[in-house]
Amino acid sequence: MTITVTQNLDHESLTRLADLRGKRWRYLGGPHVSNWMTDVSLIVATEESELTISGEVDELDFEGEQDSYSRLRVDQGAADLAATTESGHRYYFHAGEEVRDVLIVQETVRQVSYGQPTWTYTNDIAIVFALRTGAIALAQVSHHSELLGVVQAADVQALKIEEPSHIWTDKLGVEHHFTRDTIPIRDLLGHPPSDGQPTSRT
């Protein structure tokens, strides 16, 4: 029997993200953002509200022993707003532009042992904000830690979200297969597509 494990954003988190569509982007930041644009928690702000997007880890045992596995969390508001302001770690990329869409990058890892599937692990690894003149993604750096990184590109299609680091290695008789889906948030919430844009798969 194949074990199936998912680490997906819950409905409340998806709804909070979906509410950003149509709003004017202000900035992203965090009190401890590194020179490499990484932190365990990042604030995204529009003209009307703020969200805090954080990395967390859960202790799971589906590979035969317990280990830490990353997940994303979205909270309303910005508890670290004052510290972010004091630290100067606010970044005004694309400030004033409309948030045209929010997309979720889901990665699925499948382990196959001697031709038989043993487990499937699906994780939301990134949140993508499509803006008028570019795209910004907050992505997991590792499948096993809280750290998030900021990725930018001219548009969603040009985003290069690196493979999160992981502990899975192929060996004799055991293989790991990785696939990704980039899914508009309206589809995850059960809303019909409004512009005919397809879900992409890699």
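Predicted model: local features only at pLDDT ≥ 70, side-chain atom pairs only at ≥ 80, totals over all residues.
**Exercise 1. The chain as a whole**

Find how many helices and strands the chain has, and what share of its residues is buried.

Solution. 
- Step 1. The secondary structure comes to 3 helices and 13 strands.
- Step 2. The chain has 202 residues, and buried residues make up 49% of them.
- Step 3. Take the contacts between residues at least 6 apart in sequence: 60% of them join residues at least 24 apart.

**Exercise 2. Helix 1 and its surroundings**

State which residues of helix 1 are buried and which elements they pack against.

Solution. 
- Step 1. Helix 1 covers residues 11–18.
- Step 2. Its buried residues are Ser-13, Leu-14, Arg-16, Leu-17 and Ala-18.

**Exercise 3. The nonpolar cores**

Name the residues that touch the most other members of the largest nonpolar core, then list the contacts of Ile-53.

Solution. 
- Step 1. The largest nonpolar core has 28 residues.
- Step 2. Leu-17, Val-44, Ile-53, Ile-127 and Phe-129 touch the most other members of this core.
- Step 3. For Ile-53, leave aside the neighbours within four places in sequence; Ile-53 is then in contact with Leu-17, Val-40, Ser-41, Leu-42, Val-44, Arg-73, Val-74, Ile-127, Phe-129, Leu-138 and Leu-148.
- Step 4. Another core, of 13 residues, lies apart from the largest one; Leu-103, Ile-125, Ala-126 and Val-151 are among its members.

**Exercise 4. An aspartate in strand 8**

Decide whether Asp-101 is buried or exposed, and find a polar partner for its side chain.

Solution. 
- Step 1. Asp-101 is found in strand 8.
- Step 2. Its relative accessible area is 7%. Buried means under 20%, so Asp-101 is buried.
- Step 3. The side chain of Asp-101 makes a polar contact with the side chain of Arg-186, at 3.2 Å.

**Exercise 5. Aromatic pairs**

Classify the ring pairs Tyr-69 with Tyr-121 and Trp-119 with Trp-168.

Solution. 
- Step 1. A pair of aromatic rings is described by the distance of the centres and the angle of the planes.
- Step 2. The count comes to 10 aromatic pairs. In one of them, Tyr-69 and Tyr-121, the ring centres are 5.5 Å apart and the planes stand at 55 degrees, so the pair is tilted.
- Step 3. This pair links distant parts of the chain, with Tyr-69 in strand 6 and Tyr-121 in strand 9, 52 residues apart. Both tyrosines are buried.
- Step 4. The rings of Trp-119 and Trp-168 have their centres 5.7 Å apart and their planes at 50 degrees, so this pair is tilted.
- Step 5. Trp-119 lies in strand 9, and Trp-168 in the loop between strand 11 (148–153) and strand 12 (174–184), so the pair ties together parts that are 49 residues apart in sequence.
- Step 6. Trp-119 has a relative accessibility of 3% and counts as buried. Trp-168, at 5%, counts as buried.
- Step 7. Ring pairs link Phe-62, Tyr-69, Trp-119, Tyr-121, Trp-168 and Phe-178 into a cluster.

**Exercise 6. Salt bridges**

Locate the partners in the salt bridges of Lys-23 with Glu-48, Arg-180 with Glu-107 and Arg-180 with Glu-163.

Solution. 
- Step 1. The chain has a count of 10 salt bridges.
- Step 2. In the bridge between Lys-23 and Glu-48, the closest N and O atoms are 3.7 Å apart.
- Step 3. Lys-23 is in the loop between helix 1 and strand 2 (25–29), and Glu-48 in the loop between strand 4 (41–46) and strand 5; the two are 25 residues apart. Glu-48 is exposed, with a relative accessible area of 61%.
- Step 4. Arg-180 and Glu-107 meet in a salt bridge of 3.0 Å, N to O. Arg-180 lies in strand 12 and Glu-107 in strand 8, so the pair ties together parts that are 73 residues apart in sequence. Both residues are buried.
- Step 5. Arg-180 meets Glu-163 in a salt bridge of 3.6 Å, N to O. Glu-163 is in the loop between strand 11 and strand 12, 17 residues from Arg-180.
- Step 6. Compare the accessible areas: Arg-180 is buried at 15%, whereas Glu-163 is partly exposed at 35%.
- Step 7. Salt bridges that share partners join Glu-56, Asp-58, Arg-71, Arg-73 and Asp-75 into one network.

Notes. Residues numbered from 1 in each chain as written. Heavy atoms only, no water. Buried < 20%, exposed > 50% of the residue type's maximum accessible area, 1.4 Å probe, protein only. Helix = DSSP H or I, 4+ residues; strand = E, 2+ residues; numbered from the N terminus. Contact = heavy atoms within 4.5 Å. Polar contact = N/O pair within 3.5 Å; in protein donor to acceptor, adjacent residues only side chain to side chain. Phe/Tyr/Trp six-rings, centres within 6.5 Å; stacked < 30°, edge-to-face > 60°. Salt bridge = Lys/Arg side-chain N within 4 Å of Asp/Glu carboxyl O. Core = buried A, V, L, I, M, F, W, Y, C linked by side-chain atoms within 4.5 Å.
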